Amino acid sequence: MAVGDPRSPLVGSQLHDRETLVSEGGMALLVENGIVAKFDDSQSLESEFSVDSDVDSRIDVKGKAIIPGFVDSHTHLLWSGDRSNEMRLRQSGLTYQEIAQQGGGIRKTVNATRSSSSGELFESGKARLQRAVDFGTTSIECKSGYGLSTETELRLLDIVNRIREDSDINIHSTWLGAHDFPSDLPPSQYLEELLSEQMPAIIEQGFSDWVDVFCEPGWYSLDQTELIVRAATDAGLPSRLHVDEFVDGGGLSLAAELGSASGDHVGHSSDDARAKAAGAGTMQTFLPGTPYVLGKQLELPLQKCLDEDWQFSLATDFNPNCRSLSIPFVGSLATHRMGISPIAALAAVTRNPATSLLRSEQDLVSGSIRVGGKADFVILNGDDVDCWCQMSGDNPVMQTIASGAIVSS
Ligand code: NIG
Ligand code: FE
């Protein structure tokens, strides 16, 4: 996947260019200090590094395909509790909004999360991260958002940071204090708390790379979103936003105006907003697992993005309703259900989201396999690279390698 500038996403016909994106078999990679040092045919590399050379370890993949490690650019990794009852409620005809109004939804998870100890949240976060890694993820974005108070939002971001310190995985952290309004404060008071207490504390701690807002009618309005994002951006936190999940609320258009790195969900955004996002360099990140678990049609315009050369990504949206950290499952939805090719879908879970997570020129770029790039990759359980998204319910990953180390269990 080492085509062009790895800091830019692939679009349109570039995503179908199999000849450039996929190498023939019989190749080998040499990794030094977590970086890909050589990529050559395996016989040449074998003769260059004979058995008695100082190569620490060798992996014979026996002809299996190797792909870049997955970059899951949208997860709600840390929360407690169980909302499995909500499926019955949905099947009895209640909407997501009605379930939330009746005491379910985000606020229910907030109550459970607030009453969990930091130790419990840390352990469950680590276990979830390992599951993601076993499914091939080597970079992951983790949001707060189930605290909705300064104390708990800080606690969640501190835990993300502690998990990051302990891990070979690239972990990006996002402050989502504006995920909902807590039930114990009037909305205007919480908005004030977000701006004058939570945001300064988050920035002072330096735990967060990004700001996110659930910009959707019924949650945060366009004006409230703009207020929060502008203040955060001025203080050094760039944005990636939840927009247009249930209706076209103008969220993607606002994300483009605000220069957000990504507009996520974007199931109901208008074509005008999508074109505007493409022009502004705002990634459209589709989260098909969410409409899937909510019992909705999977009618996301992936093909349209390909036809129009609009950059797009795919991610899991792991959360209490959508409890899958499997990027291969997302790939199955994109290919089996929405008809895009396995190679285009692969770029949408590797190269493209990696570019949306870059914050500075100094950041090491993940998401593609190339000499000089991070040695983050996945050895598949099949010879054909296309198998990555075709083992629905099963795991196509034989081994996950991050920074040159085997990290899968
Ligand atoms: O991205 N839509 C907002 N947030 C999450 C789900 C939150 C929840 O239901 O707990 C999402 O789907
Ligand atoms: Fe989400």
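This is a predicted model: local features need pLDDT of at least 70, side-chain atom pairs count only at pLDDT 80 or more; totals for chains, interfaces and linings use all residues.
Next I sorted the shell by residue type.

Then I went through polar contacts, taking N or O pairs within 3.5 Å. His265 puts a polar side-chain atom 2.8 Å from an oxygen atom of ligand 1. For Asn319, I find a side-chain N or O atom 3.3 Å from a ligand oxygen. His76 also makes the list, with a polar side-chain atom at 3.4 Å from an oxygen atom of ligand 1.

How much of ligand 1 does the protein bury? I computed 320 Å² exposed for the ligand taken alone, and the protein buries 99% of that.

Where does ligand 1 sit? I looked through the cavities and found it in the largest one.

Last, I zoomed out to the whole fold. I count 16 helices and 14 strands in the protein chain. Its radius of gyration comes out at 21 Å, close to the 22 Å that the globule rule gives for 409 residues, so I call the chain as compact as a globular protein of that length. I also boxed the C-alpha atoms along the principal axes, and they fill roughly 70 × 45 × 45 Å.

Definitions and conventions
Residues are numbered from 1 along each chain as its sequence is written. Chains are lettered from A and ligands numbered from 1 in the order in which they are written. Side-chain values use heavy atoms; hydrogens and water are left out. A polar contact is a pair of N or O atoms within 3.5 Å; within protein, one must be able to donate a hydrogen and the other to accept it, and residues adjacent in sequence count only if both atoms are side-chain atoms. Accessible areas come from the Shrake-Rupley method with a 1.4 Å probe; for residues, only the protein chains shown count as cover. On a 1 Å grid over the protein atoms alone, a cavity is a set of points where a 1.4 Å probe fits but cannot get out, and a pocket is an open set with protein on both sides within 12 Å along at least five of seven lines; lining residues have an atom within 4 Å of a point. A molecule sits in a cavity or pocket if more than half of its atoms lie within 2 Å of its grid points. Helices (H or I, at least four residues) and strands (E, at least two) are DSSP runs, numbered from the N terminus. The radius of gyration is taken over C-alpha atoms; the globule rule is 2.2 Å times the number of residues to the power 0.38.
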